[in-house]
Every structure is written in C-alpha cells, then in structure tokens.
Amino acid sequence: MTAAAIAAAPRLAGDAALEESVRASVRAMTVRWVEAQRRRPGHPVPVDVPPPALDVARDLVRHGVDFQQLLIGYRSAENVGCRRWLIAASESVPADMLAAIAEIGLRSINDWVDAALNSIVRQIDQERDELVGDMRARRLETITLILEGAPIREEEARDRLGYDLSGWHTGLVLWFGSPNDEQGLIEKTVRLLALAVGLRPPLVLPVTAATSWVWLTGDRPIENDSLRSHLADVPDLVTTAGTNKAGMAGFRRTHREAVAARRVVERSQLLAPFTAYEEVRIADLASHDAEAAADFIAETLGQLLHADPNLRETLRVYLQEDGNAARTAARLFTHRNTILNRVDRAQQLLPLPLSGRRLSVGLALELNRWASRPPK
C-alpha cells in the first residue's frame, strides 16, 4: 500500500524520513479500520484520525509539498487495500455470501477513508498559517546557513528545504519594476517555468513583498535562452540570473552572481526583463574599484564617451561581433551601411586608433554601459 502511494505521488519519494512517515500513516489508517471492524463488524468506523496520519500531513506542508499529493497517495493505497481485502474475503467466506460481504466491506473502507481525509484536510487548514510560518522560518534559516558557508550536511539541508542540492543550480532574483498587487505571482510564474522546461519544483524564498530569491535545479545545466523566453510574458517582471553551478557550493555561488547582477542592473538603470550574470560580469568586477574603472573608461573612449549614445552602442556590438557589420546590423535592426558609417565616426572620436586596442575599447564600452548611469 505504501509503495502504491509513493508511486502515484512521486513528491512523496526521495526523502527517507518522509517515506517512513507515509508508511507509518498508511499502516495506522489501515489498522484503525481493521480494529474497528473486529470490535463491531459492519458498523461505521468512528472518524478518529490516528496521529501518524496528521503528522505526515503536517510534514508535507512544512516541506512545501502540494497537499494533493497526499490525497492521491492515500487513494492509491486504498485501492491496493481493497484488492487485498477482497482476496482475503474470498478465502474466508462462503461463495454465496461473498457479494454481500464485499459490498459492506468496500463501502465501509471507502466511507472511512473519505471521512478521515476530510478530517485531515479540515485540521490542516486550521493549522496551515502556523505550519507555513514554521516552514518559511526553517527555510530561511537553512538557506542562510548555506549562503554563509556554515557547516550543514547536504542531506540535512535537503530535508529541511524539500529541494535537491546535488544537481545543477541556477540562482535567480526576481522583482517587479513597478508596483504589483497580485499575491504569489512570482512563485506561480517560476513554478510554471520549471514545469515548462522540465525541471524539478523550484525553491522560492520571498525576501520582500515585491522580490524573491529563486533556485532552479536540474540534472544538467539550464539554458538562459529558455528562461528568458518563458519569463518575458510577465509585465514589469525583472529577472537576473547567475551562471549554472553544481552542488551545495554552486547553490551559494549562483545566488551571489544573481544578486551581483541585480546591483549592476539597478545601478545602470537598464531594467531589461532578463539579465544573465555573464552579460554584466565585467561591470561587476570593475565595480569593486569604481574610481579606477571611471578613469579607464574616460582615458580609453575620449570624446566618444560624450558623443551620441548610438555611436557607442554600435561600436560595442560591432566589437562583440568581431567586426562583422552584417551581424551587427541584424542585432541592431539597422542597415549595414549605417553600421559602417557609425563605426567610422566612433573611431574618429577615440583618442587612439582602434587597431590593436579592440579589447581595451570593448571593455571600456561594456563598463560604461553597465557600471554608470546613462546620460540624461
């Protein structure tokens, strides 16, 4: 019966402690019905839910597992129990009584399970706020320990979070660029995202009313392009993403990168819907010595620093595309001849020729784009 419950509701599997709780609950529910029938055969079973059944329900809420998983699991266990009960009945009663006995017994099992599950749901609904509060506090404590590099075993952290720490992780920071009153929209969005790209349920930690930290996990690195396309449909939602990292150390590092990318994005005021850390890594590294970075930008770009922003952006993309005017034109949705004219004008404004200095000029343009506020 336990095996059937876990097979029907996979979120109950993978955690030895949770599986044991499910086993104890299924056994307690079955024994309660059996003992009631032994005492008063054929009579309704009193709705007295055994403690292990309530305990596993509370554990699921604390682990952030959808409560429907438990209900599905119980129904699957019930089906196995009914089949086993019919086999036992066929071996124990005369054939001419089997139909009547089966009807009485199966109806009794079904009525008991219905009543017990309804009682569990009512009890958990009454306790939900307290349980969710406990879950969030425990989740915050555990995440803080991991992010601070405190000594905590991976198995213990996994059990506390209900999140597998052994795979690949992508850390996200999500927030709204303008006020949004829809409760739970970020969590709903990332859960649908994880489902769409074939990942396990994400770990979500709301840090303010408008901002959440999120971790996505999978068996292989997660492509930024797929994340970008799925998150683009939510109005005013801004996302920064760390690089793919593995294991518990990776969980910590990808989050730090996502947070650093947010700092760069907010400082630059370029609130693109999705920004990957790879795009702003240079600006993040330079931000640790802002004065030196500003001097480097000014000395490298010269008059171009205060010229038409279109000239700087065209030259930046042109250098990214290894001097290919056609690819630059495609990225900027501009005619190839216009690109060449802008590049030529931009080079004339540089204090030194571009030849042999492409790396320095490209770096200065990237730093200027992300590490400073755009001209007003």
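Student: Why is D219 called exposed?
Tutor: The relative accessible area of D219 is 65%, and since the label exposed applies over 50%, D219 counts as exposed. Bear in mind throughout that this is a predicted model, and that every such value is computed from it.

Student: Where is D219 found, and with what is D219 in contact, leaving aside its neighbours within four places in sequence?
Tutor: D219 sits in the loop between β3 (211-218) and α8, and, its neighbours within four places in sequence left aside, D219 is in contact with W168 and R200. The C-alpha atoms of D219 and H169 are 9.0 Å apart in space, although 50 residues separate the two in sequence.

Student: What makes K245 a buried residue?
Tutor: K245 has 16% relative accessibility, and because buried means under 20%, K245 falls in that class. K245 lies in strand β5 (residues 245-246), and, apart from its neighbours within four places in sequence, K245 is in contact with G167, W168, H169, G250, R253, T254 and E257.

Student: How do you know whether E78 is buried or exposed?
Tutor: The relative accessible area of E78 is 9%, which lies under the 20% limit, so E78 is buried. E78 belongs to helix α4 (residues 68-90), and, its neighbours within four places in sequence left aside, E78 is in contact with I109, N110 and V113.

Student: Why is D114 called partly exposed?
Tutor: At 26% relative accessibility, D114 lies between the 20% and 50% limits, and therefore D114 is classed as partly exposed. D114 is part of helix α5 (residues 95-147), and its C-alpha is 31 Å from that of L192, 78 residues away in sequence.

Student: What class do A298 and Q348 fall into?
Tutor: A298, which is found in helix α11 (residues 290-301), has 37% relative accessibility and so counts as partly exposed. Q348, in helix α14 (residues 336-349), has a relative accessible area of 59%, so Q348 is exposed, the limit being over 50%.

Student: Why do the buried residues of helix α6 line one face of the helix?
Tutor: The buried residues of helix α6 (residues 154-161) are A157, R160 and L161. Viewed down the axis of α6, those buried residues fall within an arc of 90 degrees, so they line one face of the helix. In general, an α-helix has 3.6 residues a turn, so residues three or four places apart point the same way. Just after α6, G162 takes a positive phi of about 65 degrees.

Student: What phi do D236 and F333 have?
Tutor: D236 is not a glycine, yet its phi is positive, at about 65 degrees, and F333, likewise a residue other than glycine, has a positive phi near 55 degrees. Most residues other than glycine have a negative phi. D236 is placed in the loop between α8 (224-231) and β4 (237-241), and at 47% relative accessibility D236 counts as partly exposed. F333 is found in the loop between α13 (325-332) and α14, and with a relative accessible area of 77% F333 is exposed.

Student: How does the radius of gyration of the chain stand against that of a compact globule of 376 residues?
Tutor: Such a globule would have a radius of gyration near 21 Å, but the chain has 30 Å. The C-alpha atoms fill a box of roughly 105 × 40 × 35 Å along the principal axes, and the secondary structure comes to 15 helices and six strands.

Student: How much of the chain is buried?
Tutor: Buried residues make up 44% of the 376 residues. Of the contacts between residues at least 6 apart in sequence, 69% join residues at least 24 apart.

Terms used: Residues numbered from 1 in each chain as written. Predicted model: local features only at pLDDT ≥ 70, side-chain atom pairs only at ≥ 80, totals over all residues. Heavy atoms only, no water. Helix = DSSP H or I, 4+ residues; strand = E, 2+ residues; numbered from the N terminus. Rg over C-alpha atoms; globule rule 2.2 N^0.38 Å. Buried < 20%, exposed > 50% of the residue type's maximum accessible area, 1.4 Å probe, protein only. Contact = heavy atoms within 4.5 Å. Arc of directions from axis to C-beta.
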